Amino acid sequence: MKASSFGYARPASLAEAFALLARHGEGAKLLAGGQSLIPSLNMRLAAPELLVDLGALGELEGIAPLGQGLRIGARTRHCEIERSALVAERAPLLAQAAPHIAHVAIRNRGTLGGSLALADPAAEWPACCVALGAQIVIASARGERRVAAEQFFKALYATELAADEILVAVEIPPPAPQARSVFLELARRRGDYAMVGLAAQANRTDGQLRDVRLVFLGVGAIPVLARHAMAAIEGKAADAAAIAAAQHELSKDLSPNGDLYTSAEAKLHLARVLTGRALAALAR
Amino acid sequence: MNPMLETTITVNGTRVTRRVEPRTHLVDFLREELGLTGSHTACEHGVCGACTVRVDGEIVRGCLTLAVQANGRAVDTIEGLSDSGEIRDLQAAFHERNALQCGFCTPGVLMTAQELLRTRPAATRDEIRDFMSGNLCRCTGYQSILDAIEAVLIARRQARPA
C-alpha cells in the first residue's frame, strides 16, 4: 500500500507553518512523528495535498520544568518521555504509561502532540493528560490559548483544534506531595491496541484516597472520567468494601461499545478488574 | 505530480543524494533507489516490523518514515550491520538454533534484537518477549528466536568486563 502523491514542506518557524496552513486550509496535514498519519496515508484513508513537517521546529521539542510542574513540547517523542528522569519525578503516570504505547521502533518516532491531536480513543496519552489535569497549549497566527485536557477531546477523533491551529505543548501541574499514580492496560499482545486501559491518580493521606481521578481509555469515543466510581472511593480507605462499591458504580460511568474481539460486557468486566487493581495499588 | 526533493542520507556510512518523491517511504528508497533489499516490505502500516532500520542509531519502521524525513540523517540497514560484523554473534546464534524458517522477517527481527542487546543488557526472557512483540514471524518461530537472543544476551553480558 503506497500513499497517494502529496507535496511536502518543512517550515523553519511556527509563523511559516501558520502561513502554510492558511494557504492550504483543509488540504494540509501536519506531520509530527507520523506513526498514525503515515499508516493512514499508506492505506489512502487520508490524501492531503500537502504535508507540513514540524520536524524542524526545535521549540516544539523537549521536557522542561514549569514551576514545580512540567512543560512537554508537542514534538517530544514517546521514548523521550519514557526515559526522562524529570517525568518520572513529576508526572510518573506518563512514565508508567509510555511502555504500553505500541513498540520500541514506533516509540522512537511517535510524539506526544501527535497522539493528542489525533485523539485515538484507545491511545494512552489522552487519558493520562485528563487524569493529570494537564493544559493543552494551542498556537495559531491569532495567538496562543490553553485548554484543559478534560475539555480538549470532543468526540471520536475530534478535538478543540481548529484547522489553523497547532498543538505546541502540554503543561502538567505539580504533583501533590502525597500523589500516587497507576497506569494499567489490557491488550491481546504487548503493544497492541488496548481493550481497556486506566490512568489513575490520587493523593493518599492518613490511609485515605483523596482527589481520585480514574480515566479510562478504549471504552468510549474519548477518554472517560469515571465520576461515579471516583465519588464512591473519595475520602475512603481502599478496603475491599470501598473498592467493590467503586467497581459497582462503574456501570453508571461506562457504556463501552463491543468490538470484534471484546464484547461490551467483557469490557465493563475488565474495567472493573482494572479499577480493583488500580485502587489497591494507589492505597499501598 | 508534486516536485521531487533532493534528499541526502548517510546510508551504512556512505553519503547518497537522490531526488525523491515526498511520498516515498524510507524502506522503498533503500530497496528501489539503492538496491538494499535486505529491509523488507510486508504490511506497510507499521504492524509487522519487517522493514525495521535505524535512523540516527535508533530503530524505526521504514514504512512509517518518509525518505525526505531522513534528509541529513544516518540510516543503518541490515546490510550495514551484517558487513560491519556488529551482529556476527547474533547471526551465528540464529543459525545454530534454527531461529528462522522462511527468513522473511529475519532482517527486521535482527535489527530489533540488536537494539535490545545494546540498550537492555539485563533483560529477562519476559522483557525480551515484550521488546520483540513488534516483529511478526508468520512461520511462528518465536521460541527459537527468543532462545537465540537470550543466548547472545547472556554471552555478551559474560564477555563484558565487570
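Predicted model: local features only at pLDDT ≥ 70, side-chain atom pairs only at ≥ 80, totals over all residues.
Local features were considered only at pLDDT of at least 70 and side-chain atom pairs only at pLDDT 80 or more, while totals for chains, interfaces and linings use all residues. Residues are numbered from 1 along each chain as its sequence is written, with chains lettered from A and ligands numbered from 1 in the order in which they are written.

In chain A, strand E2 (residues 28–31) pairs with strand E3 (residues 50–53) in the parallel sense over four bridges. Helices (H or I, at least four residues) and strands (E, at least two) are DSSP runs, numbered from the N terminus; two strands pair if DSSP finds at least two bridges between them. A:Leu30 has A:Val52 of E3(A) as its bridge partner. Between E2(A) and E3(A) the chain passes through helix H2 (residues 37–42) of chain A, in a right-handed β-α-β crossover (with the strands pointing away from the viewer, the path from the first strand over the helix to the second runs clockwise).

Chain A also contains an open sheet of four strands, in the order E11-E12-E13-E14, with antiparallel pairing. Strand E11 (179–186) and strand E14 (224–225) form its edges, each pairing on one side only. Strand E13 (residues 208–217) of chain A is joined to E14(A) by two bridges and runs antiparallel to it. The bridge partner of A:Phe216 in E14(A) is A:Val224.

In chain B, helix H3 (residues 88–96) packs against helix H6 (residues 142–159) at an angle of about 140 degrees, with the axes 9 Å apart. Axes are lines fitted to C-alpha atoms, for helices over the stretch in contact, and angles run from 0 to 180 degrees between N-to-C directions. H3(B) and H6(B) are therefore oblique to each other (angles under 35 degrees count as roughly parallel, over 145 as roughly antiparallel, 65 to 115 as roughly perpendicular and the rest as oblique). The contact involves B:Asp89, B:Leu90, B:Ala93 and B:Phe94 of H3(B), and B:Ala148, B:Ala151, B:Val152 and B:Ala155 of H6(B); residues are in contact if their C-beta atoms, placed from the backbone, lie within 7 Å.

Between the chains, 26 residues of chain B are in contact with 26 residues of chain A. Strand E4 (58–61), helix H4 (106–119) and helix H5 (125–131) of chain B each supply at least two residues of the side touching chain A. E4(B) gives the most to this side, with four residues.

Key:
Contact = placed C-beta atoms within 7 Å.
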